[in-house]
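User: I would like to go through this structure step by step. Please take my questions in turn.

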Amino acid sequence: MSVQYQAIGWNRQKRIYDLLLVSGVLLYLALFVGVGALLYPTATAETLLIRGFGSLALLLLTVILCIGPLCRLDTGFLPLLYNRRHLGVTTFLVALVHGVFSIVQFHALGDVSPLVSLFISNTRFDSLANFPFQALGFFALIILFVMAATSHDFWLHNLSAPAWKRIHMLVYWAYALIVAHVILGALQSDTNVVLAVFLGVGVAGVSTLHLLAGAKERRTDRLKAQSAAEGFVQVCRVSEIPEKHARIVSAQGERIAVFHYDGKVSAVSNVCRHQNGPLGEGRIVDGCITCPWHGYQYAPDSGASPPPFTDKVATFQTKVVDGIVLVHPCPHPPGTRLEPSRTAAALVGAKA
Ligand code: HEM
Ligand code: FES
């Protein structure tokens, strides 16, 4: 079997992320155990640690599940997505400590193996109050393990992206199992209001964010389909065109230079009037598209050279839908001014 993948180096941003993550984990555990010991002086250290690690694993998993929809709603959250796998592995490790501590605490002293005891000590599947909730936690832990074990890029490249994605969608099963684990376990044995609120807010937050992101995606798909029906063609994401530069596209026999500048997008013919130089390989200087060959200039919105020059190139209608640039390949007569499309960044700036 040939193995082809390129390891992604550890960079400064990842180190800062990991440092913050480890500090957050330690701070949470210290606070949980410290405050717990003050509020419940009779609670043993083992109980506080089991509860601290369990609730932290649930918190981390809830955050992980919120990151995906948050990024679809606002690209400002993307830095969280790039490092989400570290969060996933940390969640598994924290949940593992909770699970192992629980098994040792509740199943290690019998005459059967602790793992066997986990499944046979309580078989009251017909009772809500006494349901064997620990088994649910065990299955969730297995899913978290499979996800953590296959989280490295090595597996992404060798399993193929669709297979990898299918495995990682199991996270929703893990979350459902854990919600049931807590409702049928800790919330049956004692009325912990904080835990109940924490769980309720988490489930409501995860569900609401997924519904909002789904609605936004459907809206975007509708706009894209409508634009395609009107004849627009997709160029790329706005972020893929560096500021004051262009992306060149070919559509219906036209070569079009799509420029991104000052929160706006405009498109003109790629062919310079002087000697057919490639305008899209130039950049915007002093507000004008500047040909890379001999410096002829054109306004990006009208394709007209600044006075006293009179050269003009054709312009093309553009659109920006959810950060994606679209252009209509039908040329407007040279020098026709078309309103530039605004990028999301420009719209946010205008509202502020
Ligand atoms: C082998 C797997 C697991 C076992 C044996 C297990 C066992 C337990 C037990 C015995 C409790 C009750 C503790 C008490 O009330 O003092 C508990 C509570 C809890 N477990 Fe698990 N668990 C497992 C996996 C998980 C996983 C994978 C998660 C989350 C990712 C999780 C999250 C929780 C939470 C949030 C609580 C409530 C903590 C609290 O009372 O503050 N458990 N678990
Ligand atoms: S070809 Fe564009 S300036 Fe000469």
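User: Which elements each supply at least two residues of the lining of the largest pocket?

Analyst: This is a predicted model. In it, the largest pocket has a volume of about 1,400 Å³. The elements that each supply at least two residues of its lining are α1 (12–39), α2 (45–73), α4 (84–107), α6 (133–149), α9 (171–184), α10 (186–189) and α11.

User: Which lining residues are the closest to the centre of the largest pocket?

Analyst: The lining of the largest pocket consists of 50 residues. They divide into 32 nonpolar, 16 polar and two charged. The closest to the centre of this pocket are I50, R51, H98, A186 and L195.

User: How do the residues that line the second largest pocket divide into nonpolar, polar and charged?

Analyst: The second largest pocket has a volume of about 940 Å³. Its lining has 32 residues, and T75, R237, D322, G323 and A344 lie nearest its centre. The lining divides into 14 nonpolar, eight polar and ten charged residues.

User: Which element gives the most to the lining of the second largest pocket?

Analyst: Two or more residues of this lining come from each of α2, α3 (78–82), α11, β9 and α12 (344–351). With eight residues, the element that gives the most is α11.

User: Which strands stand at the edges of the open sheet of three strands?

Analyst: The order in this sheet is β1-β10-β9, and the pairing is antiparallel. Two of the strands have a single partner strand each, so one side of each is left without a neighbour in the sheet. The edge strands are β1 (233–237) and β9 (318–321).

User: By how many degrees are neighbouring strands of this sheet turned against each other on average?

Analyst: The average is taken over neighbouring strands of the sheet, with direction ignored. The turn is 30 degrees.

User: Which residue in β10 stands opposite Q234?

Analyst: Strands β1 and β10 (residues 324–327) run antiparallel and are joined by four bridges. The residue in β10 that stands opposite Q234 is L326.

User: At about what angle does helix α11 run to β9?

Analyst: Helix α11 spans residues 193–229 and lies across β1, β9 and β10. Its angle to β9 is about 160 degrees.

Key:
Residues numbered from 1 in each chain as written. Chains lettered and ligands numbered in written order. Predicted model: local features only at pLDDT ≥ 70, side-chain atom pairs only at ≥ 80, totals over all residues. Heavy atoms only, no water. Pairing = 2+ DSSP bridges. Axes fitted to C-alpha atoms, helices over the stretch in contact; angles between N-to-C directions. Contact = heavy atoms within 4.5 Å. 1 Å grid on protein atoms, 1.4 Å probe; cavity = no way out; pocket = protein on both sides within 12 Å on 5 of 7 lines; lining within 4 Å. Points joined across faces, edges and corners; volume = space filled by probe spheres on them. Nonpolar A, V, L, I, M, F, W, Y, C, P; charged D, E, K, R; others polar.
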